[in-house]
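Subject: Structure for you to look at

Hi,

Here is the structure I promised to pass on. Please open it first, then read my notes below.

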Amino acid sequence: MQSNQRGPQIAALSIVTLLVLWSALTFLISDKTLPSPMEVASAIATEWQSGELLFHLGATLLRVIAAFIIAMFIGSCIGILLGMDANVNRFVEPWLILLLNLPALVIIVLAYIWFGLNEAAAIGAVAINKIPNVVITLREGARSLDLAYAELARVYRFSWWKRLRHVVLPQLQPFFAAATRSGVSLIWKIVLVVELLGRSNGVGFQIYLYFQLFDVATILAYSFAFVAVMLLVEYLILQPIERRSTRWRASNARS
Amino acid sequence: MLDLNIVSRVFTAADGSRLEAVKNLQFQLKPHTFTCIVGPSGCGKTSTLRMILGLDTGFEGHINMGAEATVSAVFQEPRLLPWRTVEQNVRLALPKSKTNMLLDDLFEQLGLIPVRSFYPSELSLGLARRAAIARAFALAPELLILDEPFVSLDDYTAERLRKILLDVWQAHPTTALMVTHNIREAAELADTVLVFSERPASVLNTVTIDVPQKLRDDETIDNIVRQVRAAMSVTRTASV
């Protein structure tokens, strides 16, 4: 109980320690390629004031959201199907292994070559990179569906929609949560690569630009700004949704 | 209401060995009667219920109950969806046309009013069983299947629930078929007791009870229990 109450204090202490160590290191090394926390903060302020930071963060965030929705939708449908039908799973398994082991970079380069340097190719390439992970997570979920509830739905003649909404999807919720968590973090990293290779805006494009200028402070400014955006997504969107969808579990812990 | 004639139900294990669970099982249920099935453990009682519920179709024979008959079930475990409240669980079982029907009377009879917004994990086993019974009756089924609905409850709770079940059944008359290991339970609830043989299951004996459930005192119930025990002690060859 006591350790729970001290959780935020310990986290704050951890961040302060990191900043102190970073400052000490920049003081000792004193090199242009290792900017101090203050220099990075100043770069963030400059980019913010010019409007560049918000514009590029927005462009990246939109790509992350689009790729995430596509990957989750297609990956979930395929995963649930594979978990429910062993023969389809056996057929699709080799494709899945191939996709899982194909480097993200190869998929991105091929997408740009085949479909051109456009937004659809960029988002599609990111989604294709993520789909196999979603498929595998949701396949395990579909395999672990409780037969007793399926029988209940059959006896009470649930429509397919009622079965999906009230019986199947709630059982898959932990698997959706796992796929979402790993998905968001993986997708935004791949989006940066896509932007670096073939887009003219976004955080990835800016990082590449400042890499050519050897401006490490601005590179870190964009990186930390986007991490901050993803933290907001985590705390303001993902965690509240998860809390809401697992209320019945919380009541279980209470009783 | 129900005409059942199962010639055979054979289960095949992974190693190819065969087990005949049911053989030449025949019985009929009259409308608005309460029938209990008793018999040795593992004789095929639950298998029979699963075939009636349409959960097992790999048998030889036929089960007739009218094409559009509404059937509901109370399983051995309450089988409530843990992510839905008590009321949501009951409403989910209803067809679209009845989704908004009033459940107050039924909940009142089953003592569920205070817990209608609770999740199943917040209920005792007894209350969860009541919710499962509410779900089964809310549908106003033509056939109600109950598979040992009071198993693993303490005697006091089981006794109370039997009385409640009887009250609800009399308020919402339907044809009920219940499997039980508890002969006293059968003696309290049933109009007819079907005594099943050892596996493969068939009807070894039938005990018909003329005294209405509400008029049965302890002595009458003791007498019925004795009759059922006598019916169970008959061997398969003797009953033929």
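This is a predicted model: local features need pLDDT of at least 70, side-chain atom pairs count only at pLDDT 80 or more; totals for chains, interfaces and linings use all residues.

A polar contact is a pair of N or O atoms within 3.5 Å; within protein, one atom must be able to donate a hydrogen and the other to accept it.

**Chain A: two domains**

Chain A splits into domain 1 (1–30) and domain 2 (35–247). Their centres, taken over C-alpha atoms, are 30 Å apart. Four residues of domain 1 and six residues of domain 2 make the contact.

The size of an interface is often given as the accessible area lost when the parts come together. Here the two domains of chain A bury about 340 Å² between them. Carbon and sulfur atoms carry 81% of that area. On the domain 1 side, A:Trp22, A:Ser23 and A:Thr26 lose the most area to domain 2. Together they account for 93% of what that side buries.

How many residue pairs are in polar contact between domain 1 and domain 2 of chain A? The count is one, with both residues at pLDDT 80 or more.

**Chain B: a sheet**

Strands of a sheet pair through backbone hydrogen bonds, either parallel or antiparallel. Chain B has an open sheet of three strands, in the order E2-E1-E4, with antiparallel pairing. Strands E2 (18–29) and E4 (60–64) are the edges, and each pairs on one side only. From one strand to the next, the twist averages 20 degrees.

Look at E1 (residues 2–12) of chain B next. Ten bridges join E1 to E2 in chain B. Within this pairing, B:Ser8 stands opposite B:Lys23 of E2.

Best wishes

Terms used. Residues are numbered from 1 along each chain as its sequence is written. Chains are lettered from A and ligands numbered from 1 in the order in which they are written. Side-chain values use heavy atoms; hydrogens and water are left out. Two strands pair if DSSP finds at least two bridges between them. Helices (H or I, at least four residues) and strands (E, at least two) are DSSP runs, numbered from the N terminus. Axes are lines fitted to C-alpha atoms, for helices over the stretch in contact, and angles run from 0 to 180 degrees between N-to-C directions. Domain bounds come from an automatic or database domain assignment. Contact means heavy atoms within 4.5 Å. Buried area is the accessible area (1.4 Å probe) that two parts lose on being put together, summed over both. A polar contact is a pair of N or O atoms within 3.5 Å; within protein, one must be able to donate a hydrogen and the other to accept it, and residues adjacent in sequence count only if both atoms are side-chain atoms.
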